[in-house]
Every structure is written in C-alpha cells, then in structure tokens.
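Please keep the sequence and the structure in view while reading.

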Amino acid sequence: YIKKGVKNVWVVGNWKLISDFEPPVQKIESTKQQLRIPENKLIISFIGWLNEDREILPLIEAVKKTDSIFLLLGGDGSLVEKIKEAIKDSHNIQFIGFVQPKDIPVYTAISDVIYYGLKKGYPLAKYSAPNKLFEGLAAGKAILTGDFGEIGKIVKDEDCGIILDSSTQPEFKKAFGSLLEKDIIVRFKANAKNAAIKRYNWLNAEKILLQIYNDALFNK
C-alpha cells in the first residue's frame, strides 16, 4: 500500500486476548480425561482447515512412530477421510472433528505444542500470520511450523518453537526429539507467553485501533 502511494498504513494483528486462553485448571483436566489422553505425553495439536496444503499426513506418520507424543486433530476439509484412515490403528492420535470456535481455547490450553504447516511452494505462504500462532502465544505454547511468513519470523525472533526445514517424517522426528527435552519445551512456552504479554495480545491491538480513530478524528 505504501508503494502505491498510501500515506498512512497501520497493521492490526489478529492477536488474541490472553485471558480467553487461560481456562480454569479443572476445565483443562476434565477435557484431558474426556479425550482419554494418557499421562506424561507431549500433546501436539492442530485444529483448523484440513487440506493437503497443511502437511498433516507426514505429521501423523511421524507421531505414530513416537509413543511419547499424543496428537490431537480437529477441523474439517478435504483431508478428513484420509486422516481417519491414517489414524484408525493409532493409539496416540485422536481426531475430534469440527470444533466450535468457543472450544478452541480449552483445546489450545491442554496442548504443549501448536502445529501449523503449509506445503512448500504454497503461493500465499509468505503472507502467513495464522490464528494458530497467536492462539498458541496467548496460551503460552510452543509452536511447530515451517520457515515461511510472519509465523516463521515470529517463532525465530521470539525463540518460542521449532522451524522445520521440511515437512517430512525424519524432520518431524528430529523436532520431536527437541520438544521432548524438558528444558527446551519449558523455554519455548515461557518465551511464547512473554511474547504475547509484551506485544502479541488484543489489548495492544485495541490501542492501535484507538490511535487510528483518534488520528482520523483530530487530523482531518
């Protein structure tokens, strides 16, 4: 827009209200029990649009071979039937179908890691700043993603997760090895929460919006 001659350009991020992603401990525990998630598992989740571009199937195959990981998948899309077929004999992956937006915070809260993938060469990847990223930051969760878009930049800048070199089983397995190290996952979670508190939260987005309206009102 600046290159096209627009004088004032503001960016209002799709950042989240931190309090929305801090459900009561009792709700978190009851949800884990409802989903029958075994104790002492690292929980990775992705709830969103399920299609080939999201690189879900390689993640599934890697998780099936890693007993210490539990994968929670939710959403809808063209990949649903393939996902159901891929996980039918798995003991550490659960597909919960379409999830109502109001339930996203609790599923995010029970997770340790939020995954977001895009197929290499996806034309809009360089613009990617997905809700999953800012939900994960608000909840203080590690992020597992690729080196693309704003999500890749923020994860690197804030040291709050792992950037995959590729969406292959060996690369996922390598990432799991790091995420299963207690000091690393604790660091990623703390950095994610700190990033949300410092900048990436809706209270800061509100300030930007108010400033825009204020400028428009008094600088006509």
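The structure is a predicted model. The chain has 9 helices and 6 strands. Its radius of gyration is 18 Å, close to the 17 Å that the globule rule gives for 220 residues, so the chain is as compact as a globular protein of that length.

**The chain as a whole**

- The C-alpha trace spans about 65 × 40 × 35 Å along the principal axes of the chain.
- Of the 220 residues, 49% count as buried.
- Among contacts between residues at least 6 apart in sequence, 70% join residues at least 24 apart.
- The accessible surface of the chain comes to about 12200 Å², and carbon and sulfur atoms account for 53% of that surface.

**Aromatic pairs**

- The count of aromatic pairs comes to 7.
- One of these pairs is formed by Phe46 and Tyr115, whose arrangement is edge-to-face, with 6.3 Å from centre to centre and 75° between the planes.
- This pair links distant parts of the chain, as Phe46 belongs to strand E1 (residues 42-49) and Tyr115 to strand E4 (residues 113-116), 69 residues apart.
- Phe46 and Tyr115 are both buried.
- The rings of Tyr116 and Phe148 have centres 6.4 Å apart and planes at 55°; the pair is therefore tilted, since the edge-to-face class requires planes over 60 degrees apart.
- Ring pairs join Phe46, Tyr115, Tyr116, Phe148, Phe172 and Phe176 into a cluster.

**Helix H6**

- The buried residues of H6 are Ile151, Gly152, Ile154, Val155 and Glu158.
- These residues cover an arc of only 170° around the axis, which places them on the same side of H6.
- An α-helix has 3.6 residues a turn, so residues three or four places apart point the same way.
- The exposed residues Lys153 and Asp157 are carried on the face of H6 that is turned away from its buried side.
- The cover over the buried residues of H6 includes E4, helix H5 (131-139), E5, strand E6 (161-164) and helix H8 (182-198).

Notes
Residues numbered from 1 in each chain as written. Predicted model: local features only at pLDDT ≥ 70, side-chain atom pairs only at ≥ 80, totals over all residues. Heavy atoms only, no water. Phe/Tyr/Trp six-rings, centres within 6.5 Å; stacked < 30°, edge-to-face > 60°. Helix = DSSP H or I, 4+ residues; strand = E, 2+ residues; numbered from the N terminus. Buried < 20%, exposed > 50% of the residue type's maximum accessible area, 1.4 Å probe, protein only. Arc of directions from axis to C-beta. Contact = heavy atoms within 4.5 Å. Rg over C-alpha atoms; globule rule 2.2 N^0.38 Å. Areas by Shrake-Rupley, 256 points an atom, 1.4 Å probe, with all protein chains shown as cover.
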